[in-house]
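Then we can walk through it together.

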Amino acid sequence: MARNALTMTAATFATAAALLLTACGGDDSSPDDIKGAETGAPSPSPSTSAPGGADVKRPDVSLPEDLQLVFDFEKPSDADHAAALEDAANYIRALNHGITEQDVKDPAYGFYSAAGAARYAESQIQEYVDGGWTLTGEDRYYRADTSPVGEGEKAKSVLVTFCEDQSKAYGKEVKTGKVHRTEESLASYQKFSLLMTPQQDSPVWRAQQITVEGKAAECRG
């Protein structure tokens, strides 16, 4: 079951980003095509030291053994961009955690998102729950890029983009465990754009806005 693509133009996304900066002070949908857990990358630690020595307890985003999320990301040299990219990946992990837990109000995605990104995660989880689907297989994310939003001191947010290959991830019926497999096609590829913002006195970055481009030809091959 592929995630629904969100149709938002670049201009609309830029406007949303600008409004967010002002408000925060800088701060083919078939159940066969999607999601995973994680491999080659450890789950986030339960707590992370924040500025000033405070500890932030991070939620559980672990996934079933038959579900793997692969993040082929190169770590940016800029510390803020690296943190934004890591928590963008955590948002994806949290979304999949909600799907596999069949919990529309799973606190994990709420920890890593707000506004439009939180609504998107909730809607995707709701679709899986309503349809009686969960996920299995391997879901790969790659070609990550980060860029600052705003200029000078106002460049507090980071735009994170990456591709997704769902060709080896499949929908699975919750009641029967039956896996619905599909062949690789252009519909297997999506491109994500996430507007990430830092939290005050915390190492956590949260996704505020998201666009998902379906059938992303640039992500194929």
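This is a predicted model: local features need pLDDT of at least 70, side-chain atom pairs count only at pLDDT 80 or more; totals for chains, interfaces and linings use all residues.

Let's start with the cysteines. The structure holds 1 disulfide, and it joins cysteine 163 to cysteine 219, with an S to S distance of 2.0 Å. The two partners sit in distant parts of the chain, 56 residues apart. Cysteine 163 lies in strand β5, which covers residues 157-173, while cysteine 219 belongs to the segment after β8 (205-214).

Now let's turn to the nonpolar residues. In soluble globular proteins, nonpolar side chains tend to be buried together. The largest nonpolar core here has 39 residues, and Tyr91 and Phe162 touch the most other members. Several helices and strands each supply at least two residues of this core, among them α2 (79-101), α4 (115-131), β4 (133-149) and β7 (189-198). Which element gives the largest share? That is α2, with 9 residues.

Zoom in on tyrosine 91 next. Setting aside its neighbours within four places in sequence, tyrosine 91 is in contact with Tyr112, Ser113, Ala117, Tyr120, Ala121, Leu194, Ala207 and Ile210.

There is also a second, separate core of 5 residues. Its members include Tyr142 and Tyr189, along with Cys163 and Cys219, the pair joined by the disulfide. That brings our walk back to the bond where we began.

Definitions and conventions: Residues are numbered from 1 along each chain as its sequence is written. Side-chain values use heavy atoms; hydrogens and water are left out. A disulfide is a pair of cysteine sulfur atoms within 2.5 Å. Helices (H or I, at least four residues) and strands (E, at least two) are DSSP runs, numbered from the N terminus. A nonpolar core is a set of buried Ala, Val, Leu, Ile, Met, Phe, Trp, Tyr and Cys residues joined through side-chain atoms within 4.5 Å. Buried means under 20% relative accessible area, exposed over 50%, partly exposed in between (1.4 Å probe, protein chains only). Contact means heavy atoms within 4.5 Å.
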